[in-house]
Amino acid sequence: MGEIQALRGTRDILPEEVGYWQKVEATARDILFKAAYREIRTPIFEQTELFERGIGEATDVVGKEMYTFRDRGDRSITLRPEGTAGVVRSLIEHSLYTQGGVQRLWYAGPMFRYERPQAGRQRQFHQLGVEVLGSADPRADVEVIAIATNILQTLGLKNLHLDINSVGNLEDRNAYRQALVDYLTPYKDELDPDSQERLSRNPLRILDSKDKRTQEIAQNAPSILDHLGAYSRQHFDKVQQLLADLGISYQLNPRLVRGLDYYTHTAFEIQSDDLGAQATVCGGGRYDGLVAQLGGPETPAVGWAIGLERLILLLQQLQEPAVSSIDFYVVSRGEAAEAQALVLAQKLRQAGFSVDLDLSGSAFKKQFARADRSGAIACLILGDEEAANHTVKLKWMASKEQSAIPQTELLANIEELRSQLTRGKQKSE
């Protein structure tokens, strides 16, 4: 029987990489908590209809990329390809909108799309996202952009730029759609096959094509900014003014439409110059009609999602992995010593210390070598002599100083031990 490996488009996140993920998650959690966002956790699979109605049947996500299957009850089930539709379904199902005010929510977790795997893009991938539901105020648009910028900059990213556009409301988009079709139709035979298909189904997506010739043709297409109604123009002008007030630089990109049908008004992407062709780190926008479209009350909303694989890839390029240090590495040999070492390690853990207990039973020399590599501040050593006397040798890894003390004394003076560890850590740095 052959070796079983991870499926194409999925990957293991190994312990050596997890530190980057934990840093991102902790940073985002702290910033979002301070901005009064509450976490929501939705299932990773939903009724297929949710995504067909919410994202749009004419989109590539629904048409080509979803993992859809029938369960034992013959229901059509889909692994979530994005997070917003599930959050909106939860908002409606649990009547969160009846709590009044604005719902500020965030989520993180795996998403699933069947597409060609590449650097920073997998078939099982992870997103961190926010949704602000219940406000049509342009300040909500700018707030979520500012929070995304804050998270990325706090993580140490520097070469970032913000692209913004307005895709208007439904009336604006219908008028623009016709102008776009009128412009593109004479070039139909020169468009790439996907764009030829989109011309009748979803012409705005042609602006997002990666085909070189299609991009050349689209360069001279009408701009959606010239087809905005008075309200849409006023909303977008206010967004730009508020970004300027916050000192957030941006550039207008009238070709930016995003890939999902539910977007209205503001659309934006934050990109990194350090990622090459796959430059987008964060994307989002306003989706004022989605809640009503899925059966809820009219509820304006705006949000974004950060692709974590792509972000982690960027952090790995720019930063060394964080080195985690532990307080104690416990070395022991001999039956009585090993039993006492387990008790001592567990009591120290319960007192709040980080402790690595060597379970190898190998010679002291090999255990000491592992202690040196562990990054521990101090090493605790128990052999036959220490076990007989109920003592332990305490060795500071930086200075190599070592002393023997009763085990009871070690545990009785926790605060002094904590102070010693702090001094030991300072010496090692």
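**Close-up views of a predicted chain**

**View 1. Overall fold of the chain.** Among contacts (heavy atoms within 4.5 Å) in the chain between residues at least 6 apart in sequence, 70% join residues at least 24 apart. This is a predicted model, in which local features need pLDDT of at least 70 and side-chain atom pairs count only at pLDDT 80 or more, while totals for chains, interfaces and linings use all residues. Residues are numbered from 1 along each chain as its sequence is written, and side-chain values use heavy atoms, with hydrogens and water left out. The chain has 16 helices and 16 strands; helices (H or I, at least four residues) and strands (E, at least two) are DSSP runs, numbered from the N terminus. The radius of gyration, taken over C-alpha atoms, is 28 Å for the chain, whereas a compact globule of 429 residues would have a value near 22 Å. The globule rule is 2.2 Å times the number of residues to the power 0.38. Along the principal axes, the C-alpha atoms fill a box of roughly 90 × 60 × 45 Å.

**View 2. Confidence along the chain.** The predictor's confidence in each residue is given as pLDDT, from 0 to 100. The chain averages a pLDDT of 90, and 95% of the residues score at least 70. Among the elements of the chain, β1 has the highest mean pLDDT (98) and helix α16 (residues 414-428) the lowest (70).

**View 3. Surface and interior.** The accessible surface of the chain comes to about 21,700 Å², and 49% of this area belongs to carbon and sulfur atoms. Accessible areas come from the Shrake-Rupley method with a 1.4 Å probe; for residues, only the protein chains shown count as cover. Buried residues make up 49% of the 429 residues; buried means under 20% relative accessible area, exposed over 50%, and partly exposed in between (1.4 Å probe, protein chains only).

**View 4. The open sheet.** Eight strands form an open sheet with mixed pairing, in the order β1-β5-β6-β11-β10-β9-β7-β8. The edge strands, β1 and β8 (251-252), each pair on one side only. Two strands pair if DSSP finds at least two bridges between them. Strand β9 (residues 264-272) and strand β10 (residues 280-286) pair in the antiparallel sense over 6 bridges. The bridge partner of Q271 in β10 is T280.

**View 5. The salt bridge between E39 and R29.** The side chains of E39 and R29 meet in a salt bridge (3.2 Å, N to O). The pair links distant parts of the chain, with E39 in strand β1 (residues 38-39) and R29 in helix α1 (residues 15-34), 10 residues apart. A salt bridge is a side-chain nitrogen of Lys or Arg within 4 Å of a carboxyl oxygen of Asp or Glu, and the structure holds 21 of them. E39 counts as partly exposed because its relative accessibility is 31%, and R29 also counts as partly exposed, at 42%. R29, E39 and R41 are linked in a network of salt bridges.

**View 6. The salt bridge between R89 and E46.** R89 forms a salt bridge with E46, and the closest N and O atoms are 2.8 Å apart. The pair links distant parts of the chain: R89 lies in helix α4 (residues 84-93) and E46 in strand β2 (residues 45-47), 43 residues apart. Both residues, R89 and E46, are buried.

**View 7. The salt bridge between E115 and R121.** The side chains of E115 and R121 meet in a salt bridge at 3.9 Å, N to O. E115 counts as buried because its relative accessibility is 17%, whereas R121 is partly exposed, with a relative accessible area of 26%.
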